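Try each task yourself before you read its solution.

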Amino acid sequence: KAYEDYDYPAIFQAANHLITVDLSAFYVDVTKDRMYTFGAKSEARRSGQTAMFTIVDGLARLLAPVLSVTMDELWRLLPGEREESVHMALFPRDLDQWQDAALLERWAALAAVRDQVNLQIEEKRKDKTITANLSARVTVEAGGDLGALLAEYRDFLPTLFGVSEVNLKPSSAQAPAVSVDRATGTKCERCWRYVPEVSNVADRQGLCPRCVEALAEPVSL
C-alpha cells in the first residue's frame, strides 16, 4: 500500500522496525544458539534455516525498489531456482497462510516476559552478579493463563531468554515476577551454556551432551 502511494518514509519505517526489532533483537537472537551449535541435520536448525530463507526471500523482493543494486546482489546469492534478477520477481504472495492471530497473541505474551527477563539480566550484569546472559539462571513466578503458557514452553524458555537455566514457580499474583542469579554447573566449552555435567572423553572433553550429540553427526561435503 505504501509503495502504491509512493509513501517511502512508511516503507522505511516498516522495514526498519521488522529488521531491527522483530528480526535482529528477537528472532535472530533467539535462534542463534540452534544455528551455531545444533547438528546440521537437526529439525530445529533446519526449521530455522527454512524460516530465514522465507524471510530473506521476502525482504529481497520488498526492498528491491529502494535498494536496487544491493537486493539484486543478494538475490543472486540465494539458493534454488529463481528469476535472473529480483527486479523480474513479484512481491511476496499467498501471505494469508502466515496469518495466525492466536499464535501472535501467545508469542506476544512470551516476548513480554522475555523483556522483563532482559531488564533483570542487565541489572545483574551491571552489579557483576553475572558476566554474560548464559551465566544466568532465571526464576519466573507466574500464575493463571501466563503460568500455564510458560509451563507449556518450559523446555524452550532457556533458549527464549538466552540463559542456561529457567525455573518456574506458581504464583497467585496478577503480574509475573522475575529474578536472576548466577547459573550453577559447568560451562560447556562449545555452546557456553552452564550444564550439570560435561564430557570427559578425550576428543569431546568439556562439552555438554547436546554438543557431543551435534558433533557425532557426520558432515556431508
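This is a predicted model: local features need pLDDT of at least 70, side-chain atom pairs count only at pLDDT 80 or more; totals for chains, interfaces and linings use all residues.

Residues are numbered from 1 along each chain as its sequence is written, and side-chain values use heavy atoms, with hydrogens and water left out.

**Exercise 1. The overall picture**

Task: Work out how many helices and strands the chain has, and in what order they run.

Solution: Start with the count, taking helices (H or I, at least four residues) and strands (E, at least two) as DSSP runs numbered from the N terminus. The chain has 7 helices and 5 strands. Next, read the order from the N terminus: α-α-α-α-β-α-α-β-β-β-β-α. For the dimensions, the C-alpha trace spans about 55 × 50 × 35 Å along its principal axes. Finally, of the 221 residues, 31% are buried (under 20% relative accessible area; exposed is over 50% and partly exposed in between, with a 1.4 Å probe and protein chains only).

**Exercise 2. Helix 2 against helix 3**

Task: Describe how helix 2 and helix 3 are arranged, and find which residues make the contact.

Solution: Two packed helices are described by the angle between their axes and the distance between the axes. Axes are lines fitted to C-alpha atoms, for helices over the stretch in contact, and angles run from 0 to 180 degrees between N-to-C directions. Here, the axes of helix 2 (residues 43–63) and helix 3 (residues 68–77) come within 9 Å and cross at roughly 150°. The two helices are therefore roughly antiparallel (over 145 degrees; under 35 is roughly parallel, 65 to 115 roughly perpendicular, and the rest oblique). Now list the contact (heavy atoms within 4.5 Å): helix 2 gives Val56, Asp57, Leu59, Ala60, Arg61 and Leu63, and helix 3 gives Met71, Leu74 and Trp75. Sorted by class, these are 7 nonpolar, no polar and 2 charged residues. In this sorting, Ala, Val, Leu, Ile, Met, Phe, Trp, Tyr, Cys and Pro are nonpolar, Asp, Glu, Lys and Arg are charged, and the others, Gly among them, are polar.

**Exercise 3. Helix 1 against helix 4**

Task: Repeat the analysis for helix 1 and helix 4.

Solution: The axes of helix 1 (residues 8–37) and helix 4 (residues 101–126) come within 12 Å and cross at roughly 85°. That makes helix 1 roughly perpendicular to helix 4. Their contact is made by Ala25, Phe26, Asp29 and Val30 of helix 1 with Trp107, Ala111 and Arg114 of helix 4. The classes come to 5 nonpolar, no polar and 2 charged residues.

**Exercise 4. Two residues up close**

Solution: Begin with Arg61, in helix 2. Then take Ile130, in the loop between helix 4 and strand 1 (136–142).

**Exercise 5. The cysteines**

Task: Find how many disulfides the structure holds.

Solution: Look for cysteine sulfur pairs within 2.5 Å, the disulfide cut-off. The structure holds 0 disulfides. For Cys208, the nearest cysteine sulfur is that of Cys211, 3.7 Å away. Cys208 counts as buried, at 0% relative accessibility.
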